[in-house]
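Biologist: I have a model open and would like to go through its helices and a few side chains. Can you take me through it?
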Amino acid sequence: ERARARPPRARGRRGQGSDTAAGWRRGTPGVRLRRGRRRQGVPGETGRCRDRAGGGHGGVASEGSARFTWAVSPACRGRTPAVVMASTDARTRPNILVTGTPGVGKSTTAAALAEAAGMEYLNVGELVQREELHDGWDSEYECLILDEDKLLDEMEDRVAGGGVVVDYHSCDFFPERWFDLVVVLRVRTEVLHERLTKREYSQKKLNDNMQCEIMDVLLTEAKESYKEEIVQDLPSNSIEEMEANVQTLAKWAADWSQ
């Protein structure tokens, strides 16, 4: 995995222009983004189905060190379809994106969450390699070049029915309507350094990822790309914290479906 810090980009151009350079973030494992169009779906859609009357249900989940608030709109569950969003209203279970800098524990957490909540686990990096959703090999960074359009076409039907936990190290090119919760895992710098060192990353690759975490690149990307109320950052420094996160998120998924 590789992540690189990028220069600030102009708001309102998420994932669509050359200001988000093709070499900004590399994949899992060995995939980097080829910036293309961002698929927004139905005009006017946002990442979260909202009830115009403001009568959503919400709560607070707390397990161990993990604690966050959430809101579940009746419109999202089909009870008060105030906003026309066919793909969202059709879902009876939520879709959850688990993201973060390489080494924070995304795959471990996402796979465990899918098992605990009875959801499907989708590792995007593995999907890209298996289905050849790329534009060839980048010799400079020794990785595949992700074709976003091919990937989104492949994933569209998979996430349409809900109940999917998506695991990927980037999030700003997915359609906002796909996800009901975006989880950004975070770790302390010394913990991340130890994990990446054990992976025997090159010094450049290690430094790139460390810089990405220190600068909160993934958290900023998530907040710029989705409604802030569905973005939650959780600590992932230890097995205990990971287990607490899984329990908390599984409870959230069960409450959403009720």
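Modeller: One definition before the helix pairs: axes are lines fitted to C-alpha atoms, for helices over the stretch in contact, and angles run from 0 to 180 degrees between N-to-C directions. Keep in mind that this is a predicted model.

Biologist: Fine. At what angle do the axes of H2 and H8 cross?
Modeller: The axes of helix H2 (residues 106-117) and H8 cross at roughly 45 degrees and come within 9 Å. That makes H2 oblique to H8, since angles under 35 degrees count as roughly parallel and 65 to 115 as roughly perpendicular. The crossing is right-handed.

Biologist: Which residues in H2 and H8 meet?
Modeller: From H2, Thr 108, Thr 109, Ala 112, Leu 113, Ala 116 and Ala 117. On the H8 side they meet Met 242, Val 246, Leu 249, Ala 250 and Ala 253. Those five H8 residues are also among the buried residues of that helix, a list including Trp 252 and Trp 256.

Biologist: How many residues has H8, and how far does it reach?
Modeller: H8 covers residues 239-257, so 19 residues, and reaches 27 Å from its first C-alpha to its last. The expected value at 1.5 Å a residue is 27 Å.

Biologist: Now H3 and H4. Roughly parallel, or roughly perpendicular?
Modeller: The axes of H3 (residues 124-131) and H4 (residues 148-160) cross at roughly 115 degrees and come within 11 Å. That makes H3 roughly perpendicular to H4. H3 passes H4 in a right-handed crossing.

Biologist: And which residues in H3 meet H4?
Modeller: Val 124, Leu 127, Val 128, Arg 130 and Glu 131 in H3. Their partners in H4 are Leu 151, Glu 154, Met 155 and Arg 158.

Biologist: Change of topic. Is Glu 221 buried or exposed?
Modeller: Glu 221 counts as buried because its relative accessibility is 0%, under the 20% cut-off. Its place is in helix H7 (residues 217-225). A polar atom of the Glu 221 side chain lies 2.6 Å from the backbone nitrogen of Cys 171.

Biologist: Where is Arg 177, then?
Modeller: Arg 177 is in the loop between strand S10 (164-167) and strand S11 (181-186). Arg 177 counts as buried too, at 9% relative accessibility. Its side chain makes a polar contact with the side chain of Glu 156, at 3.2 Å.

Biologist: What is Leu 196 in contact with, leaving aside its neighbours within four places in sequence?
Modeller: Pro 102, Gly 103, Tyr 201, Leu 206 and Asn 209. Leu 196 lies in helix H5 (residues 189-198) and counts as buried at 0% relative accessibility. From Leu 196 to Asn 207 is 11 residues in sequence and 9.6 Å in space, C-alpha to C-alpha.

Biologist: Which residues of H6 are buried?
Modeller: Lys 205, Leu 206, Asp 208, Asn 209, Met 210, Cys 212 and Glu 213. Leu 206 and Asn 209 are both in contact with Leu 196. The end C-alpha atoms of H6 (residues 203-214) are 16 Å apart, which agrees with the 16 Å that its 12 residues should span at 1.5 Å a residue. H6 is followed by Asp 216, with a positive phi near 55 degrees.

Biologist: Last one: how many helices and strands are there in the protein?
Modeller: There are 8 helices and 12 strands. Of the 258 residues, 55% count as buried. Among contacts between residues at least 6 apart in sequence, 73% join residues at least 24 apart.

Technical notes:
Residues are numbered from 1 along each chain as its sequence is written. This is a predicted model: local features need pLDDT of at least 70, side-chain atom pairs count only at pLDDT 80 or more; totals for chains, interfaces and linings use all residues. Side-chain values use heavy atoms; hydrogens and water are left out. Helices (H or I, at least four residues) and strands (E, at least two) are DSSP runs, numbered from the N terminus. Buried means under 20% relative accessible area, exposed over 50%, partly exposed in between (1.4 Å probe, protein chains only). A polar contact is a pair of N or O atoms within 3.5 Å; within protein, one must be able to donate a hydrogen and the other to accept it, and residues adjacent in sequence count only if both atoms are side-chain atoms. The expected span of a helix is 1.5 Å times one less than its number of residues. Angles under 35 degrees count as roughly parallel, over 145 as roughly antiparallel, 65 to 115 as roughly perpendicular and the rest as oblique. A crossing is left-handed if the near helix is turned anticlockwise from the far one by less than a right angle, and right-handed if clockwise. Contact means heavy atoms within 4.5 Å.
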